[in-house]
Amino acid sequence: FDGDDDVVVLAPVDHADVLTVEFCVRLAASLMEAIIVNQADADNGWSFELNAGRPSFWIATARGWQVARHSTRLVAGTWYHVAATYDNGAVRVFVNGQPGIASTLGAGLRVAGDLRFGGIAGYGRFAGSLDDVRISQVVRYTAQFAPPTVLAAAGANTLGQWVFNEGRGQTTADSS
């Protein structure tokens with residue numbers, strides 16, 4: 001992703017108040033402000049972003065947009081596995097298997113907008129490499145874990161899985 005206009009736009013995934021979003025990421029620059037993966041409109045949905053390089057999972061609640069952040073600042077040129085879990089208001093962000101502080105945000109997360117990788121117009125666009133994106137309708141992580149080096153085959157709770165192994169071109173396939 002070049003940080004200017006590269007974006008993948010997909011149909012929304014229906015997660016029904018339980019969600020894990022995870023991916024591997026390598027930033028082109030440290031302290032980045034960017035949207036990496038999101039599914040939202042102005043008032044509903046979720047967004048996995050970098051805020052000053054910190055992985056941040058935003059959700060729209062009845063009280064407006066709220067965030068759970070990990071304390072780790074990602075640096076350019078290093079691969080990281082990042083994940084966020086949401087279970088009816090309970091949120092946690094992980095970096096390389098290390099859990100951040102558990103947060104309780106608003107419940108009732110509604111599906112809204114297209115699923116996007118790389119950003120949206122008017123907000124910070126992602127510059128760097130993105131790999132192995134998986135969205136699941138289950139909380140996959142609850143405590144410290146060894147990050148996967150390769151995503152397991154899609155299972156019953158996998159809503160979408162994109163490994164970006166096509167090699168060339170303008171499309172990516174959902175392997176779920």
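**Close-up legends**

**View A. Ala-52 is found in the loop between E4 and E5.** The model is predicted, so that local features require pLDDT of at least 70 and side-chain atom pairs count only at pLDDT 80 or more, while totals for chains, interfaces and linings use all residues. Residues are numbered from 1 along each chain as its sequence is written, and side-chain values use heavy atoms, with hydrogens and water left out. Helices (H or I, at least four residues) and strands (E, at least two) are DSSP runs numbered from the N terminus. Phi of Ala-52 is near 50°, a positive value in a residue other than glycine. Most residues other than glycine have a negative phi. The hairpin of E4 and E5 that contains Ala-52 has two residues between its strands. With a relative accessible area of 24%, Ala-52 is partly exposed (buried is under 20%, exposed over 50% and partly exposed in between, with a 1.4 Å probe and protein chains only).

**View B. Strand E5 pairs with E4 and with E6.** E4 and E5 run antiparallel and are joined by six bridges; two strands pair if DSSP finds at least two bridges between them. Across this pairing, Trp-46 stands opposite Ile-59 of E5. E5 also pairs in the antiparallel sense with E6 (residues 64-69), again over six bridges. Here Ser-56 has Arg-69 of E6 as its bridge partner. Two residues separate E5 and E6 in the hairpin that they form. Six of the eight residues of E5 are buried, so the strand is largely enclosed by the rest of the structure.

**View C. The largest nonpolar core has 35 residues.** Such a core is a set of buried Ala, Val, Leu, Ile, Met, Phe, Trp, Tyr and Cys residues joined through side-chain atoms within 4.5 Å. The residues with the most contacts inside the core are Val-21, Phe-23, Val-25, Val-37, Trp-46 and Phe-57. Among the elements giving two or more residues to it are E2 (18-27), E3 (34-40), E4 (45-51), E5 (54-61) and E12 (128-136). E2 provides the largest share, five residues.

**View D. Ring pairs link Phe-23, Trp-46, Phe-48 and Phe-57 into a cluster.** Rings of Phe, Tyr and Trp (its six-membered ring) pair if their centres lie within 6.5 Å; planes under 30 degrees apart count as stacked, over 60 as edge-to-face and the rest as tilted. By this rule the count comes to eight aromatic pairs. In one of them, the ring centres of Phe-23 and Phe-48 are 5.0 Å apart and the planes stand at 65°, so this pair is edge-to-face. Phe-23 belongs to E2 and Phe-48 to E4, so the contact ties together parts that are 25 residues apart in sequence. Both Phe-23 and Phe-48 are buried.

**View E. The second largest pocket holds about 200 Å³ of space.** On a 1 Å grid over the protein atoms alone, a pocket is an open set of points reached by a 1.4 Å probe, with protein on both sides within 12 Å along at least five of seven lines, and lining residues have an atom within 4 Å of a point. The volume is the space filled by probe spheres set on the points, which are joined across faces, edges and corners. The lining includes Ile-35, Asn-38, Asp-41, Ser-47, Glu-49, Trp-58, Trp-65 and Tyr-123. E3 and E4 each supply at least two lining residues, and the largest share, three residues, comes from E3. By class, the lining has seven nonpolar, two polar and two charged residues (Ala, Val, Leu, Ile, Met, Phe, Trp, Tyr, Cys and Pro count as nonpolar, Asp, Glu, Lys and Arg as charged, and the others, Gly among them, as polar).

**View F. Asn-96 is found in the loop between E8 and E9 (98-99).** Although Asn-96 is not a glycine, its phi is positive, at about 50°. Asn-96 has a relative accessible area of 31% and is partly exposed.

**View G. Thr-104 lies in strand E10 (residues 103-104).** At 70% relative accessibility, Thr-104 counts as exposed. Thr-104 and Val-67 are 37 residues apart in sequence, and their C-alpha atoms are 9.6 Å apart in space.
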